Amino acid sequence: LLVPSLLPRIAIVFAALWLARNLATDVQLMPAASALSAPFRAPLATSATAPGDNWQLSFKDLQGRLAATDDVAVQARDRDISGDAILWSASYWLFPHHVHLLTLGETPTSAVVVVVTSSAGSSPPAGYSRMVLSRTWPDGAVGAYRRD
Amino acid sequence: MLFALSAVLVVLAYTAASYLLGRLVTATIGGSQGLAAALAAPAGASVLGAELWAFGAIHVPWNPLTLLLPPAILLLAGRSQLRHALGSDLEGARAWWREGRGDRVSSWLLVATLVVFLSLYMWALVVQPLEANDAIAVYMFKAKLFLTQGRVDLGPVIRDLGHNLAYPPLYSLLADTVYVVVGGVSDSLGKAVVFPFVIAAPLTLLVATARTATRRISGLCVAIWATMPLGLYHVFFANYMGYADYALAVMVLLVVASVAEAETTRDPRDYQLALVAAAIAAMLKNEGQVLLLTTALVTLFRVGRRGRGEGRARTLLIGVMAFAPVTAWKLVSLVSGYHAQLNEAGDLGRLLDSGILSRAIDILSFALHVTSFTNDFGWILVAVALVLEFTILNRSPNLARAAVLVLAVQVLAYFVTYLDSPLDINFHLSNSLDRLALQVTPALILLLALASSPTTRVSEGSP
């Protein structure tokens, strides 16, 4: 075990090393912070679906284009995407609309689509943001934003 | 860009208002002036959140007037006490600067670190996207739901376990206080309500180490916390923005700092500050309930043995007030049928089955597997080993055993929760271990700084 009289010095040296390691890691992480120069805008909109490494989730815009009474449904066709993740996200972004999951199909490249099932639903707005669901959810988590 | 700058101003105003209201509360309690100042902003923010909860329950509409009028009246009524407290805080800051005359470089470095990191955090909190799972599914979702209804009611989503309904409502209510003032939901501002807690952490580390540590040691522990990647994921990068864990970590720090201070001063009012901080923690996340219980037991034991009539009575009153919101929420959850995923098959029943040993091995194996010096876990583990060495073998005079005990019980509670978890243990650990580590890390850093300080703490005051 450590010599008692040396212990405070050892602790301080350790703390200094810990700080140095933190700073070194922070510097490595800095490229990921480049997006901080552009604030995000939260509302989501519809987008074209695109196959790729990630799955896209298209949402209607919230800026007054959905009526509060519209019934919103989420349609997913990939079992690798958690229905919970979709519902959590959809129910938040489309709040206060009632959101429910329509299907979970098997087509591997299809996207997840949110549709307004009420006839009162308005047409999709121009411009869009993306919502990306990683295949490895929950580790991949979700991203849903648009930057100015 | 204009939007982000306005959001920054709103968050600064929110933090300042929280500080003023909370400072009146902590000045009423008394105790260590530095810790009372550090606790002020989180306490004020929590009072505003609790006010919305109470108003919703008695059908008072949520709007800027109803939210701000009662605190304004309180501040007006207590203006002389508040002025005195603010004057003492200012004088305390001046004294801290004067005392650092011998090591001006460290003082300047410390101030520069704080300004740079707090500014970066503030900016990131308003411009980063809201994309973290639980932030969306739990905290900010509930904030929207509460705001729409004008009350804390999870009835509309009662069948949806994904929203973890039994989680306490305070963090969502903090977001609601800002939503009410700005007139609607703002994801930028919702995430940024953690800022009063962000500034409380370095303040707590500074005031709690001021009496014993050199300026260099105080600066080191503030800088370690400010730069720790585990924390940056909550206040700088979007990974965990909108989660309540950072705020809870700061409250654990305040509890441990207050108990450590109380063990030195033997002033019941410092235990009372610890109780207030623990009550806030308990209303932020369920993990805080263990903290509140441990803090109450330590307080009961210490003040019960050392305290005198008035000190005991006040401590008892504050203890009852600390448990009141937690008990109220438990009753509401019970009556309304709110559940959390973790509670569904838990209730400690799994601790008695035959698989407990293998689950314990799985948990420890997972923890060891992820521990490395390339991430924060390796460093945290060494810090734990050093604090244990200081506590058990070296018996450092600066390290209050009760403060170590509070933190140790908290960690033990996490282990028991994992043992009792109905979830797949690898899934559970991989999704929570880093956040639980974050919850105890600032308090661990404080204990390490206290233990390695050269000056012995001097007992002041009496119960």
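Trainee: By class, how many nonpolar, polar and charged residues does the lining of the largest cavity have?
Mentor: Keep in mind from the start that this is a predicted model. The lining of the largest cavity is formed by residues of both chains, including Ala11(A), Trp18(A), Ile217(B) and Ser452(B). Sorted by class, that lining has 11 nonpolar, one polar and no charged residues.

Trainee: Which helices each supply at least two residues of the lining of the largest cavity?
Mentor: The lining includes Ile12(A) and Ala15(A) from chain A, as well as Leu220(B), Cys221(B), Ile445(B) and Leu448(B) from chain B. The helices that each give at least two residues are, from chain A, helix 1 (7–29), and, from chain B, helix 10 (215–227) and helix 20 (433–451).

Trainee: What volume does the largest cavity have?
Mentor: The structure contains three cavities that reach 30 Å³ or more. For the largest cavity, the computed volume is about 100 Å³.

Trainee: Which helix gives the largest share of the lining of the second largest cavity?
Mentor: The second largest cavity, with a volume of about 60 Å³, is lined by residues such as Leu114(B), Phe117(B), Val198(B) and Trp225(B). Two or more residues of this lining come from each of helix 5 (104–127), helix 9 (195–209) and helix 10 of chain B. The largest share, four residues, is given by helix 5 of chain B.

Trainee: Into which classes do the residues of the lining of the second largest cavity divide?
Mentor: Among the residues that line this cavity are Leu118(B), Tyr121(B), Pro202(B) and Ala226(B). The division for the second largest cavity is 10 nonpolar, no polar and no charged.

Trainee: Which residues that line the second largest pocket are the closest to its centre?
Mentor: The second largest pocket holds about 1,100 Å³ of space. Its lining consists of 34 residues, and the closest to the centre are Asp89(B), Gly92(B), Ala93(B), Leu203(B) and Val207(B).

Trainee: How do the residues of the lining of the second largest pocket divide by class?
Mentor: At least two residues of this lining are supplied by each of helix 1 (2–29), helix 2 (33–57), helix 4 (79–99), helix 5 and helix 9 of chain B. The lining of the second largest pocket divides into 24 nonpolar, five polar and five charged residues.

Trainee: Are helix 13 of chain B and helix 14 of chain B roughly parallel or roughly antiparallel to each other?
Mentor: Helix 13 (residues 268–284) and helix 14 (residues 287–306) of chain B have axes 8 Å apart, and they pack at an angle of about 165 degrees. An angle over 145 degrees counts as roughly antiparallel. Helix 13 and helix 14 of chain B are therefore roughly antiparallel.

Trainee: In which handedness of crossing does helix 14 of chain B meet helix 18 of chain B?
Mentor: The axes of helix 14 and helix 18 (residues 401–419) of chain B come within 10 Å and cross at roughly 150 degrees. The crossing of helix 14 and helix 18 of chain B is right-handed.

Trainee: How many nonpolar, polar and charged residues are in the contact of helix 14 of chain B with helix 18 of chain B?
Mentor: From helix 14 of chain B the contact includes Glu287(B), Val290(B) and Arg302(B), while helix 18 of chain B brings residues including Leu405(B), Gln410(B) and Tyr414(B). In this contact of helix 14 with helix 18 of chain B, the classes are nine nonpolar, two polar and two charged.

Trainee: Which residues in helix 12 of chain B meet helix 2 of chain B?
Mentor: Helix 2 and helix 12 (residues 245–265) of chain B pack at an angle of about 155 degrees, with axes 11 Å apart. That angle makes helix 2 of chain B roughly antiparallel to helix 12 of chain B, and helix 2 passes helix 12 of chain B in a left-handed crossing. Facing Leu35(B), Ala38(B), Leu39(B) and Pro42(B) of helix 2, the residues in helix 12 of chain B are Met251(B), Leu254(B), Ala257(B), Ser258(B) and Glu261(B).

Conventions. Residues numbered from 1 in each chain as written. Chains lettered and ligands numbered in written order. Predicted model: local features only at pLDDT ≥ 70, side-chain atom pairs only at ≥ 80, totals over all residues. Heavy atoms only, no water. Axes fitted to C-alpha atoms, helices over the stretch in contact; angles between N-to-C directions. Parallel < 35°, antiparallel > 145°, perpendicular 65-115°, else oblique. 1 Å grid on protein atoms, 1.4 Å probe; cavity = no way out; pocket = protein on both sides within 12 Å on 5 of 7 lines; lining within 4 Å. Points joined across faces, edges and corners; volume = space filled by probe spheres on them. Nonpolar A, V, L, I, M, F, W, Y, C, P; charged D, E, K, R; others polar. Left-handed = near helix turned anticlockwise from the far one by under 90°. Contact = heavy atoms within 4.5 Å.
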